Amino acid sequence: MGEFVECGDSSPHGSESGDKSPHSTLGGLNDDQGCVQASFNLILNRNKLGDIPVCDNHEKEVNGSDRRALLKSVGAVSLLGALGSGFISEVAHAAAWTKAQRDTMTPDEIIAAMKKGNDRFRKGKSQAHNYLSEQRKVSASGQYPAAVILSCIDSRAPAEILMDLGVGDVFNARIAGNISNDDLLGSMEFACKVAGAKVILVMGHTKCGAVMGAIDGAELGHLTGLLAKIRPAVDATSYQGDRSAKNNGFVDAVARKNVELTIANIKDGSAVLSEMVSAGKLKIVGSMYDIETGALEFI
Ligand SMILES: [Zn+2]
């Protein structure tokens, strides 16, 4: 995030007990989390409505040119990250990465850390997480996730657990069938462009009920429309044999194709993200999780 101007002035953001600064009204957020909140508000234009307070300094930014304001507010996110939080690696939970380590991490290194985490999980050697301690740590120093994972809501595919990640390590977007839509694109644009995540991992899984529903043409309330977004993967899957939801081989083949199409939709649907990919600042990768073996295959 070196190209952004950092928000280096924290003087008006006091958070000592009894502090009456605007940030103290943001639900217990610390100084820089208040700045992040202001950044998010800026993006959403909510600050113009005056419904969420912004500190004096950021109010000036909001009233300036939009681009300058965005860059400065985004810089606040970088500063927040520079303050440190846990990160995905074998080292991370024993000793937090330094700012230098975090800033020099490449997308490939982040992906490698995810793979190592899944190796530990699959071998029954996951780290001993003290989630409450991790929670307190990121609450005090702010979040600085390195990746965003777009995965299915299936209860058998919990991304953080199967990659042995801790609190604050990744953004996690879950939706049946791990499809993308405008709201998810917006979420991923925030995670990557604003908050600095360098990897988007689209994760499908075996025996996916949403994929089975799409194959069967199931209809139920709002689910009908969601399954329609998976249907193109059904039609695009080359498969010799029984093309029904009863055939796990076909279901898994469709799930794999669905991951590919979701990645294509992300790149086609978001100029923000595709530009980051072209600039080498972001990598979008796919994977399939085997709910029987616990193995995460990157595809
Ligand atoms: Zn699923």
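**Exercise 1. Helix 10**

Task: State what covers the buried residues of helix 10, then check the span of this helix and locate its kink.

Solution. 
- Step 1. The elements are DSSP runs counted from the N terminus: helices are H or I with at least four residues, strands are E with at least two. Helix 10 covers residues 223-236.
- Step 2. The model is predicted, with local features requiring pLDDT of at least 70 and side-chain atom pairs pLDDT 80 or more, while totals for chains, interfaces and linings use all residues. Residue numbers start from 1 along each chain as its sequence is written.
- Step 3. The buried residues of helix 10 are L227, K229, I230, A233 and V234. Buried stands for 20 or more other C-beta atoms within 10 Å of the residue's own, exposed for 12 or fewer, and partly exposed for anything in between, with C-beta atoms placed from the backbone.
- Step 4. The cover over these buried residues includes helix 9 (209-216) and helix 11.
- Step 5. Helix 10 has 14 residues, and at 1.5 Å a residue it should span 20 Å. The expected span takes 1.5 Å times one less than the number of residues. The end C-alpha atoms are 21 Å apart, which agrees.
- Step 6. Helix 10 has a kink of about 35° at K229, shortly before the proline P232. The bend is the angle between axes fitted to the seven residues ending at a residue and the seven starting there.

**Exercise 2. The core**

Task: Name the residues that touch the most other members of the largest nonpolar core, and list the contacts of V211.

Solution. 
- Step 1. A nonpolar core consists of buried Ala, Val, Leu, Ile, Met, Phe, Trp, Tyr and Cys residues linked through C-beta atoms within 7 Å. The largest one has 53 residues.
- Step 2. A147, V148, C192, A197, I200 and V211 touch the most other members. Helix 11 (residues 248-269) gives the most to this core, with six residues.
- Step 3. V211 is in contact with G177, I230, V251, V254, A255 and N258, leaving aside its neighbours within four places in sequence. A contact requires C-beta atoms, placed from the backbone, within 7 Å.
- Step 4. For the chain as a whole, 43% of the 299 residues count as buried. Among contacts between residues at least 6 apart in sequence, 70% join residues at least 24 apart.

**Exercise 3. The sheet**

Task: Give the strand order of the sheet and describe how strand 3 pairs with strand 1 and strand 4.

Solution. 
- Step 1. The chain has twelve helices and five strands. An open sheet of five strands has the order 2-1-3-4-5, with mixed pairing. Strands pair when DSSP finds at least two bridges between them.
- Step 2. The edges are strand 2 (170-174) and strand 5 (296-298); each has a single partner strand, so one side of each lacks a neighbour in the sheet.
- Step 3. Strand 1 (residues 147-151) runs parallel to strand 3, joined by five bridges. S151 has M203 as its bridge partner in strand 3.
- Step 4. Strand 3 (residues 199-205) and strand 4 (residues 283-289) also run parallel, joined by seven bridges. V199 stands opposite K283, L201 opposite V285, and H205 opposite Y289.
- Step 5. Both faces of strand 3 are covered, with V199, L201, M203 and H205 buried on one side and I200, V202 and G204 on the other. In a regular strand the side chains alternate between the two faces of the sheet.
- Step 6. Five of the seven residues of strand 4 are buried, so strand 4 is largely enclosed by the rest of the structure.
- Step 7. Strand 4 pairs with strand 5 in the antiparallel sense over three bridges. M288 stands opposite E297.

**Exercise 4. Positive phi values**

Solution. 
- Step 1. Most residues other than glycine have a negative phi.
- Step 2. D164, not a glycine, has a positive phi of about 55°.

Conventions
Two residues are in contact if their C-beta atoms, placed from the backbone, lie within 7 Å.
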